[in-house]
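Let's take a friendly tour of a protein model, one part at a time. Keep the 3D view open as you read.

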Amino acid sequence: MTSFPIDTRSIVVASSAIPFTRLDDEMLAIDEHAGFCYSMNASAVRVWELAANPRSVEDICAALCREFAVEPDTCAHDVVELLSAMRDAGFVKVTDAAIG
């Protein structure tokens, strides 16, 4: 599978195969097969929640900019970086907007 760069036009959706448990403002997941435990802070949890249904990175960033004190360019950079890591871990599926 070829991995393409994620940008603001990319469409993301959270994987329903990953079980997460909420712990205060964070979420935890344990990947039994890989032997890893993952923790997401409040802003990463919000990205995860916003990606519950397919939506563009641009839409996720717009929502985050309304909810958090963050500049649009900084938000886009940070969200793309986070989603890239989430994709690598299998937490989200990403579609290149150019190929639909």
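Start with Thr21, whose bridge partner in β3 is Leu28. This is a predicted model, so you are looking at computed positions throughout. Strand β2 (residues 20–23) pairs with β3 in the antiparallel sense, and the two are joined over four bridges. Between the strands of this hairpin there are two residues, and Asp24 takes a positive phi near 55°.

## A sheet of three strands

Now turn to another set of strands. An open sheet is formed by three strands in the order β5-β1-β6, with antiparallel pairing. β5 and β6 stand at the edges with a single partner strand each, so one side of each has no neighbour in the sheet. As a general rule, strands of a sheet pair through backbone hydrogen bonds.

Look at the pairing of β1 with β6: it is antiparallel and runs over four bridges. One example to find is Ile11, whose bridge partner in β6 is Thr95.

## A closer look at Ser56

Is Ser56 buried or exposed? Its relative accessible area is 11%, so Ser56 counts as buried, because the cut-off for buried is under 20%. Ser56 belongs to strand β5 (residues 55–56).

What does Ser56 touch, if we leave out residues up to four places away in sequence? Thr8, Arg9, Ser10 and Ile11 are its contacts. The side chain of Ser56 also reaches the backbone nitrogen of Asp59, at 3.0 Å.

## The nonpolar core

The largest nonpolar core has 27 residues, and those touching the most other members are Met40, Trp48, Val57, Ile60, Val79 and Leu83. Two or more residues come from each of β1 (11–14), β3 (26–31), α1 (42–50), α2 (57–67), α3 (72–89) and β6 (92–95). Which element gives the most to this core? The answer is α3, with six residues.

Setting aside neighbours within four places in sequence, Val79 is in contact with Val47, Val57, Ile60, Cys61 and Leu64.

## The largest pocket

Finally, find the largest pocket, which has a volume of about 250 Å³. Its lining includes Asn41, Ser43, Phe68, Val70, Cys75 and Asp78.

The largest share, five residues, comes from α3.

Key. Residues numbered from 1 in each chain as written. Predicted model: local features only at pLDDT ≥ 70, side-chain atom pairs only at ≥ 80, totals over all residues. Heavy atoms only, no water. Core = buried A, V, L, I, M, F, W, Y, C linked by side-chain atoms within 4.5 Å. Buried < 20%, exposed > 50% of the residue type's maximum accessible area, 1.4 Å probe, protein only. Contact = heavy atoms within 4.5 Å. Polar contact = N/O pair within 3.5 Å; in protein donor to acceptor, adjacent residues only side chain to side chain. Pairing = 2+ DSSP bridges. 1 Å grid on protein atoms, 1.4 Å probe; cavity = no way out; pocket = protein on both sides within 12 Å on 5 of 7 lines; lining within 4 Å. Points joined across faces, edges and corners; volume = space filled by probe spheres on them.
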